[in-house]
Amino acid sequence: MPRPTIDRRIRTVPAFDVFRPAGSCPMQDLDDVVLSLDEFEALRLADYEGLYQEAAALRMGISRQTFGRIVESARKKVADALVNGKVLRVEGGNTVLQNTEEPTMNIAVPIDSGGFLLPHFGHAQIFIIFTVEQGRVLAEKQLIFSSPGGCKSAVASELAKRQVGLLLAQNIGEGAVRQMASFGIRVVRGLSGRARDVLEQLLKEEAANSTTFINGTNVPQQ
């Protein structure tokens, strides 16, 4: 008995669902290529947002191997349409549309043993992950790595698995920022103080509309 296909989570649908070669013969005379909505989402995450396949798979609620097959199929279909002048249609697929307005967000902060933001991200071994909803901290828990200064892709991967969308840091290099971005994690840097106090101050500023770091606009950076 074949395994049932799991609905793939998508966060957007294309503004246009039919693409055809300009100046070609009537559309009804052209061959079609059908790109499913999950294939469209895979292309958006991997090639437009630039996420690693592991992070993109987490976004869609599927395994990395399944994501790899989906995005490979999608790329071949787009190439077929471009090379052979076919009509590209975006439709169908086993998908469920997710609400893009996240009711909660998980925010990670690298800390020292006293609960203060660690001055250098490269030495991070302990993280606090705060769960925030509507400007309030609902919960917090620690994530401890066995040794500091490890592979940042492994750190980013573990944070992504815990659905972290934002990292607060004091000093963090551009390479680590890019690594986080590849797993869909934004970074606010240049911060200092006790982790809980820093987060609550940012939430107060957001409530006063002086900054909006949750949705990614007007993010304070240094």
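Let me start with a term: a residue is buried when its relative accessible area is under 20%. By that count, 39% of the 222 residues in this protein chain are buried. Keep in mind that we are looking at a predicted model.

The overview first. The chain has 6 helices and 10 strands. Its accessible surface is about 12400 Å², and carbon and sulfur atoms hold 50% of that. Now the contacts between residues at least 6 apart in sequence: 64% of them join residues at least 24 apart.

Three strands make up an open sheet, in the order 2-4-3, with mixed pairing. Strand 2, residues 18-19, and strand 3, residues 32-35, are the edges, each pairing on one side only. Take Val34 as an example: its bridge partner in strand 4 is Arg89.

What packs on this sheet? Helix 1 does, touching strand 3 and strand 4. The direction of helix 1 makes about 75° with that of strand 3. Helix 3 also lies across strand 3 and strand 4, and runs at about 155° to strand 3.

Now helix 2, residues 53-60. Which of its residues are buried? They are Ala55, Ala56, Ala57 and Met60. Their cover includes strand 1 (8-10), helix 1 (37-48), helix 3 (64-84) and helix 5 (174-182). After helix 2 comes Gly61, with a positive phi near 70°.

Key. Residues numbered from 1 in each chain as written. Predicted model: local features only at pLDDT ≥ 70, side-chain atom pairs only at ≥ 80, totals over all residues. Heavy atoms only, no water. Buried < 20%, exposed > 50% of the residue type's maximum accessible area, 1.4 Å probe, protein only. Helix = DSSP H or I, 4+ residues; strand = E, 2+ residues; numbered from the N terminus. Contact = heavy atoms within 4.5 Å. Pairing = 2+ DSSP bridges. Axes fitted to C-alpha atoms, helices over the stretch in contact; angles between N-to-C directions. Areas by Shrake-Rupley, 256 points an atom, 1.4 Å probe, with all protein chains shown as cover.
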